[in-house]
Amino acid sequence: HRAVHAFPPRRSSCLLLSFCEGHLTTADVHTMLGTAPAGRLAEIVQHLIARDAASALADVEAAVGEGIDVGQLAEQLLGYFRDMMAAQVGCEADLMLHSAPADYVGLRDAGQQMGLQTILAVVQIIDQAVTRMRQSTHVRTLLEVALVQISALDELDDLAAVIQQLQSGSIATSPDRKSTRLNSSHVVISYAVFCLKKKKQTIK
C-alpha cells in the first residue's frame with residue numbers, strides 16, 4: 001500500500017500490482033509505470049520557484065533518461081500543485097490526494113514561497129498543457145513550454161497587492177517612480193488581472 005501512495009491511483013497500477021508477487025517498493029512501481037518519484041517532482045518545482053527555466057528543462061531531460069513518461073510527469077506535476085494549493089489554504093496532510101503525508105511540510109513550504117495566486121495560475125497552465133497533450137504527438141514540447149511559461153510568471157500575490165494599491169490610488173504612478181513589479185511583461189500582468197477577476201467571480 002505504501003508503495004503506491006506517492007502518486008494517483010490508476011486502474012493500470014491496480015492490475016499491475018495484482019500480478020506482482022513478493023516485496024514491491026515505491027521505486028519498483030515508479031519504474032514499471034513510468035512515473036516520477038516525489039524527489040524528482042520537488043526538484044522541478046524548486047527550479048520553477050527560482051524562475052530557472054533552463055534547470056527545469058534539464059530535469060525533464062533527466063526524467064526522460066530515467067524512463068519517466070512525459071505525459072505521466074505532467075499529470076503528476078498537476079497533482080503536486082493541487083496538493084500544494086490545498087496545503088497553502090490550510091488543509092492538513094490527510095487531504096493530500098497525490099502526495100504522501102511525509103511530503104506535506106515540503107509542499108506547504110514551497111507553497112508559501114510561491115504564493116496562492118501563482119499556484120492557481122500554475123495549475124491552469126499545466127491543466128491546459130495536459131489537455132493539449134492528449135491530442136498531440138509533441139507531448140514533451142508542450143510540457144516544456146508550460147514549464148517555461150511558469151518560470152516567466154511573476155509572483156502574482158505581490159502583483160495582486162500592487163494592482164489593488166493602484167486601484168485605490170495609494171501608489172504613485174509617475175514615470176520616475178514606477179513599481180519594479182509593473183515592469184514585468186504585459187502578458188504576465190494581463191494574466192494576473194484575469195486570475196483576480198476570475199477569483200472574484202467565483203466568490204460571487
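Modeller: Terms before anything else: a nonpolar core is a set of buried Ala, Val, Leu, Ile, Met, Phe, Trp, Tyr and Cys residues joined through side-chain atoms within 4.5 Å. Buried means under 20% relative accessible area, exposed means over 50%, and partly exposed is in between (1.4 Å probe, protein chains only).

Biologist: Fine. What kind of model is this, and how are residues numbered?

Modeller: The model is predicted, so local features need pLDDT of at least 70 and side-chain atom pairs count only at pLDDT 80 or more, while totals for chains, interfaces and linings use all residues. Numbering runs from 1 along each chain as its sequence is written, and side-chain values use heavy atoms, with hydrogens and water left out.

Biologist: What is the mean pLDDT of the chain?

Modeller: The mean is 76, and 59% of the residues reach 70 or more. pLDDT is the predictor's confidence in each residue, from 0 to 100.

Biologist: Where is it under 50?

Modeller: Residues 1–12 stay under 50, and the model has 23 contacts for them beyond four places in sequence. Residues 173–188 are also below 50, with 18 contacts beyond near neighbours in sequence. Contact means heavy atoms within 4.5 Å.

Biologist: On to the largest nonpolar core. Which residues touch the most other members?

Modeller: Val 45, Leu 73, Leu 77, Phe 81, Met 84, Leu 143 and Leu 147, out of 38 residues in that core.

Biologist: And which helices supply it?

Modeller: Helices 3, 4, 5, 6, 7 (116–133) and 8 each supply at least two residues. Helix 5 gives the largest share, nine residues. Helices (H or I, at least four residues) are DSSP runs, numbered from the N terminus.

Biologist: Which residues of helix 6 are buried?

Modeller: Tyr 104, Leu 107, Ala 110, Gly 111 and Met 114. They fall within an arc of 130 degrees seen down the axis of helix 6, so they line one face of the helix. The arc is that of the directions from the helix axis to the C-beta atoms. Gly 115 follows helix 6 and has a positive phi, near 90 degrees.

Biologist: Aromatic pairs: how many in the whole structure?

Modeller: The search finds one. The ring centres of Tyr 80 and Phe 81 are 6.4 Å apart and the planes are at 80 degrees, so the pair is edge-to-face. Rings of Phe, Tyr and Trp (its six-membered ring) pair if their centres lie within 6.5 Å; planes under 30 degrees apart are stacked, over 60 edge-to-face, and the rest tilted.

Biologist: Is Tyr 80 buried or exposed?

Modeller: Tyr 80 counts as buried, at 9% relative accessibility. Phe 81 is buried too, at 0%.

Biologist: Back to helix 3. What do its buried residues pack against?

Modeller: Helix 4, helix 5 (70–88), helix 6 (104–114) and helix 8 (139–152). The buried residues of helix 3 are Arg 40, Leu 41, Ile 44, Val 45, Leu 48 and Ile 49.

Biologist: Where does Arg 51 lie?

Modeller: In the loop between helix 3 (38–49) and helix 4 (53–65). Arg 51 is not a glycine, yet has a positive phi of about 60 degrees. Most residues other than glycine have a negative phi. Arg 51 counts as partly exposed, at 28% relative accessibility.
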